[in-house]
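Dear colleague,

Please have it open while you read.

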Amino acid sequence: MSLNRSEKEAVISDVTSLAAKAQTLVMAEYRGITVADMTKLRSEARSKGVTLSVLKNTLARRAVAGSAFEVVGDQMTGPLIYGFSEDAVAAAKVVADFAKTNDKLVIRGGAFGGKALDVNGVKQLANIPSKEVLLSQLLGLMQSPVSRTARVLAALAAKRGEGEAAPAADAPAEAQAA
């Protein structure tokens with residue numbers, strides 16, 4: 001069933017607003033996927049903040065015209081599902097993880113930072129840890145020198161404490177011997 005002009009304009013404006021907020025676009029061919037699998041993919045994507053859309057390619061090309069995702073306009077052919085995410089790696093991670101368990105979902109490409117990504121580029125983007133993991137790793141690196149310094153100072157204090165405690169314990173023994 002085809003859309004009338006106002007419905008097409010509404011779809012284009014919705015996708016344009018998605019593209020304006022998103023950092024990443026991933027495209028995958030979904031031919032042969034069951035409705036149950038597609039529902040599972042959509043619910044997982046929703047939980048990770050990824051918007052999945054099945055769009056007419058002409059409408060998708062018009063919607064991303066003038067955005068950072070315009071570079072993949074020529075790849076928009078065939079039955080595609082489009083994944084937009086504000087998180088740089090979320091869309092790639094959701095689609096790549098699902099493609100590992102379902103061979104009917106074929107990653108076609110994507111875009112990140114105004115650059116087109118091929119299949120391997122999308123997979124590499126999916127292998128990058130999430131923002132939370134990267135922040136915790138950074139915090140660990142920043143805390144590492146401070147905690148090492150604290151441990152060294154604590155060890156020095158303990159050693160000095162032992163050094164002062166030993167002569168004090170020896171002093172009464174010497175006083176008794178004298």
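A residue is called buried here when its relative accessible area is under 20%. Please keep in mind that this is a predicted model. By that cut-off Phe69 is buried, and Phe84 is buried as well.

These two residues also form a ring pair, and a search of the whole structure finds 1 aromatic pair. The ring centres of Phe69 and Phe84 are 5.9 Å apart and the ring planes stand at 70°, so the pair is edge-to-face, given that planes over 60 degrees apart count as such. Because Phe69 lies in the loop between helix H3 (57-64) and strand E3 (80-85), while Phe84 belongs to strand E3, the pair ties together parts that are 15 residues apart in sequence.

Helix H3 also meets helix H1 (residues 5-21), their axes coming within 8 Å and crossing at roughly 50°, which makes H1 oblique to H3. The crossing of H1 and H3 is right-handed. On the H1 side the contact involves Lys8, Val11, Ile12, Val15, Thr16 and Ala19, and on the H3 side Leu59, Arg62, Ala63 and Val64; the residues of this contact divide into 7 nonpolar, 1 polar and 2 charged.

Helix H4 (residues 90-101) and helix H5 (residues 119-127) have axes that come within 8 Å and cross at roughly 105°, and H4 and H5 are therefore roughly perpendicular to each other. Here Ala92, Lys93 and Ala96 of H4 meet Val122, Leu125 and Ala126 of H5, a contact whose residues divide into 5 nonpolar, no polar and 1 charged.

Methods. Residues numbered from 1 in each chain as written. Predicted model: local features only at pLDDT ≥ 70, side-chain atom pairs only at ≥ 80, totals over all residues. Heavy atoms only, no water. Phe/Tyr/Trp six-rings, centres within 6.5 Å; stacked < 30°, edge-to-face > 60°. Helix = DSSP H or I, 4+ residues; strand = E, 2+ residues; numbered from the N terminus. Buried < 20%, exposed > 50% of the residue type's maximum accessible area, 1.4 Å probe, protein only. Axes fitted to C-alpha atoms, helices over the stretch in contact; angles between N-to-C directions. Parallel < 35°, antiparallel > 145°, perpendicular 65-115°, else oblique. Left-handed = near helix turned anticlockwise from the far one by under 90°. Contact = heavy atoms within 4.5 Å. Nonpolar A, V, L, I, M, F, W, Y, C, P; charged D, E, K, R; others polar.
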